[in-house]
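Dear colleague,

I am passing on the model we spoke about, together with some notes on it. Please read them with the coordinates open beside you.

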Amino acid sequence: MKRKPAKEYTTEQQLPRLGTSPYLKLMERTASSDTNLNSAHLGLIMLWLGDNILDMVDIDLAAFDITESKLDLLLLLSLHADQELVTPSSIADRLGIRRSSVTSLLIWLEKRNLIVREPYAKDGRMTHVRISAEGSTLVNQILPTFWSTCASLVDELDKEEQAVFQKVLVKLNASLEKRLGSGR
């Protein structure tokens with residue numbers, strides 16, 4: 001499974017892999033004196049890991065013509081289907097993205113009949129967003145692949161490593177959610 005480039009390039013046009021060394025050298029020159037360089041290095045690896053994870057998920061979801069961010073929104077709507085009012089603003093707040101990004105996602109999903117946007121019955125100025133029957137069907141088709149992809153992300157770790165990794169990830173995630181003031 002390979003990451004698909006945005007467009008095909010000749011060998012001369014491709015940027016070579018750099019590895020961490022040039023980034024670490026840049027960090028040594030540009031980080032403030034109170035920055036722990038080892039911690040910054042770990043943070044950089046976490047950023048790259050996050051990017052790689054999203055790429056892996058998107059590759060596996062490509063067969064369904066959807067990305068992780070669009071599936072994330074559909075899952076959110078599925079899990080909040082009993083809410084009387086789900087607004088684009090509340091979606092943006094919950095997902096931690098800009099309102100304009102939510103609007104773009106909603107337009108894409110609505111064009112494919114995966115969601116419905118309708119005026120809120122109690123206040124027509126507000127828009128209620130809900131998952132459609134087609135959206136629910138698609139989510140149910142995708143979830144086995146999604147969960148398999150999630151599981152495959154830790155295939156390289158044995159059971160003990162997975163237990164330690166889970167403890168560390170839960171701790172880091174809780175800390176980040178606290179700093180951000182929101183979470184899943």
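Does Trp 48 count as buried, partly exposed or exposed? Trp 48 counts as partly exposed because its relative accessibility is 28%, where buried means under 20% relative accessible area, exposed over 50% and partly exposed in between, with a 1.4 Å probe and protein chains only.

Before the rest, the conventions: this is a predicted model, in which local features need pLDDT of at least 70 and side-chain atom pairs count only at pLDDT 80 or more, while totals for chains, interfaces and linings use all residues. Residues are numbered from 1 along each chain as its sequence is written, and side-chain values use heavy atoms, with hydrogens and water left out.

Trp 48 forms an edge-to-face aromatic pair with Tyr 23, at 4.9 Å centre to centre and 80° between the planes (ring centres of Phe, Tyr and Trp, the last by its six-membered ring, within 6.5 Å; planes under 30 degrees apart are stacked, over 60 edge-to-face, the rest tilted). The pair links distant parts of the chain, with Tyr 23 in helix H1 (residues 21–30) and Trp 48 in helix H2, 25 residues apart; helices (H or I, at least four residues) and strands (E, at least two) are DSSP runs, numbered from the N terminus.

The largest pocket holds about 1,800 Å³ of space, a volume being the space filled by probe spheres set on grid points that are joined across faces, edges and corners. A pocket here is an open set of points on a 1 Å grid over the protein atoms alone, where a 1.4 Å probe fits, with protein on both sides within 12 Å along at least five of seven lines, and lining residues have an atom within 4 Å of a point. Its lining has 42 residues, and Gly 50, Ile 53, Leu 54, Leu 169 and Asn 173 lie nearest the centre. H2 gives the largest share of that lining, 14 residues.

There are 4 salt bridges (a side-chain nitrogen of Lys or Arg within 4 Å of a carboxyl oxygen of Asp or Glu). One of them joins Lys 122 and Glu 84 at 2.8 Å, N to O, and links distant parts of the chain, 38 residues apart. Lys 122 is exposed, with a relative accessible area of 65%, whereas Glu 84 is partly exposed, at 47%. Another is formed by Asp 123 and Arg 125, whose closest N and O atoms are 3.0 Å apart.

With regards
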